[in-house]
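Have a look at the model below.

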Amino acid sequence: LRGFLVLTSGLIAGYVFSVALPPVMVDVLGGVNLSPWIGGGIVALGLLLYPEWWVIDGAGLLMGMGAAALFGISFGVLPAILLLSALAVYDAISVYGTKHMLTLASGVMELRVPVLIIIPTTLGYSFIEDAESMAESVGDSSESEQSQPQESNEPSAADSPPEAESEQASNESEDESDRDAIFIGLGDAVMPSILVASASVFLETPPVLGIELAALGAIIGTTAGLLVLLWMVLKGRAHAGLPLLNGGSIAGYLGGALLSGIPLLTALGLDSWL
């Protein structure tokens, strides 16, 4: 699985390099541009040989740019808004309801691939060491569970007094707030950016600072949602990112479109349906 994800990272990064880098042509079979292959190969090798947090973040940035652009130019504005809305609901259910997204995130960390954005909160943080220690702790806990007898006379958590429960919760809260890094899913960056790309392609609005106003509004709304999300996460609890990020992107996009004088139905892509 890790090899497949690393290969995918290199291919998507190569797509970005094919657009962003000047071509390095080689006269083979009518001419081959080596820029995307060289750039994508460097990204893949970096992930395989030295998956430190800044390598993973750099590869994730390239993947996010490529994926958001590909989806954005493929969707219209209405499909993009519907997709972002559905994913925001799903993300909220998977984090606060079933909580399977939290389990998935903890397992993905051990793969050391760019599906997470890592934001260190301390100097000298090493994701390689963090992932190794996490893998060791998971292995130790599984071994201890296998070695424990099925019947035990030790008091369970349900039998512990309220004072012990509150102390345990306090310790867990302190451990979460003292962590060395914040982890955000790469999809939390890609999904709201789809609407930015889609607005730039499918809706013509006056440019501001070289960016069309509707797309700029989506960027501002996403950034506002991100700041609120980071403020909530720094309090020591995991939160669903897409409700805030996608919601901010949609609200900002609609605000920019309306400021441009575009009717709401046109901004939503519903004018052709009514």
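What follows is a short tour, from the overall fold down to single residues.

## Ground rules and overview

This is a predicted model, in which local features need pLDDT of at least 70, side-chain atom pairs count only at pLDDT 80 or more, and totals for chains, interfaces and linings use all residues. Residues are numbered from 1 along each chain as its sequence is written, and side-chain values use heavy atoms, with hydrogens and water left out.

The protein chain has 11 helices and six strands; helices (H or I, at least four residues) and strands (E, at least two) are DSSP runs, numbered from the N terminus. Of the 274 residues, 34% are buried, where buried means under 20% relative accessible area, exposed over 50%, and partly exposed in between (1.4 Å probe, protein chains only). Take the contacts with a separation of 6 or more: 71% of them join residues 24 or more positions apart. Contact here means heavy atoms within 4.5 Å.

## H1 against H3

Two packed helices are described by the angle between their axes and the distance between the axes. For helix H1 (residues 2–20) and helix H3 (residues 53–74), the axes come within 8 Å and cross at roughly 70 degrees. That makes H1 and H3 roughly perpendicular to each other. Axes are lines fitted to C-alpha atoms, for helices over the stretch in contact, and angles run from 0 to 180 degrees between N-to-C directions. Angles under 35 degrees count as roughly parallel, over 145 as roughly antiparallel, 65 to 115 as roughly perpendicular and the rest as oblique.

Which residues make the contact? H1 brings Ser9, Ile12, Ala13, Tyr15, Val16 and Phe17, and H3 answers with Leu62, Met63, Met65, Gly66, Ala67 and Leu70. By class, that's 10 nonpolar, two polar and no charged residues. For the classes, Ala, Val, Leu, Ile, Met, Phe, Trp, Tyr, Cys and Pro count as nonpolar, Asp, Glu, Lys and Arg as charged, and the others, Gly among them, as polar.

Besides Val190, alanine 68 is in contact with Ser193, Ile194 and Ala197, leaving aside neighbours within four places in sequence.

Serine 198 belongs to helix H8, and at 0% relative accessibility it counts as buried. A polar atom of the serine 198 side chain lies 3.4 Å from the backbone oxygen of phenylalanine 75.

Threonine 205 is in the loop between helix H8 (186–202) and strand S5 (207–208), and counts as buried at 6% relative accessibility. Its side chain reaches two backbone nitrogens: that of leucine 213 at 3.1 Å and that of alanine 214 at 3.2 Å. A polar contact is a pair of N or O atoms within 3.5 Å; within protein, one must be able to donate a hydrogen and the other to accept it, and residues adjacent in sequence count only if both atoms are side-chain atoms.

Leucine 209, in the loop between S5 and strand S6 (211–212), is exposed at 82% relative accessibility. It has a positive phi of about 55 degrees although it is not a glycine. Valine 113, in the loop between helix H5 (100–109) and strand S3 (116–120), is buried at 3%. Valine 113 is in contact with Arg2, Leu5, Val6 and Ile56, leaving aside neighbours within four places in sequence.

## Aromatic pairs

The count comes to three aromatic pairs. Rings of Phe, Tyr and Trp (its six-membered ring) pair if their centres lie within 6.5 Å; planes under 30 degrees apart count as stacked, over 60 as edge-to-face and the rest as tilted. One of them is tyrosine 50 with tryptophan 54, tilted, at 6.0 Å centre to centre and 55 degrees between the planes.

Phenylalanine 127 and phenylalanine 183 form another tilted pair, at 6.2 Å and 55 degrees. Phenylalanine 127 lies in helix H6 (residues 127–147) and phenylalanine 183 in strand S4 (residues 181–185), so the pair ties together parts that are 56 residues apart in sequence. Phenylalanine 127 is buried at 2%, whereas phenylalanine 183 is partly exposed at 29%.
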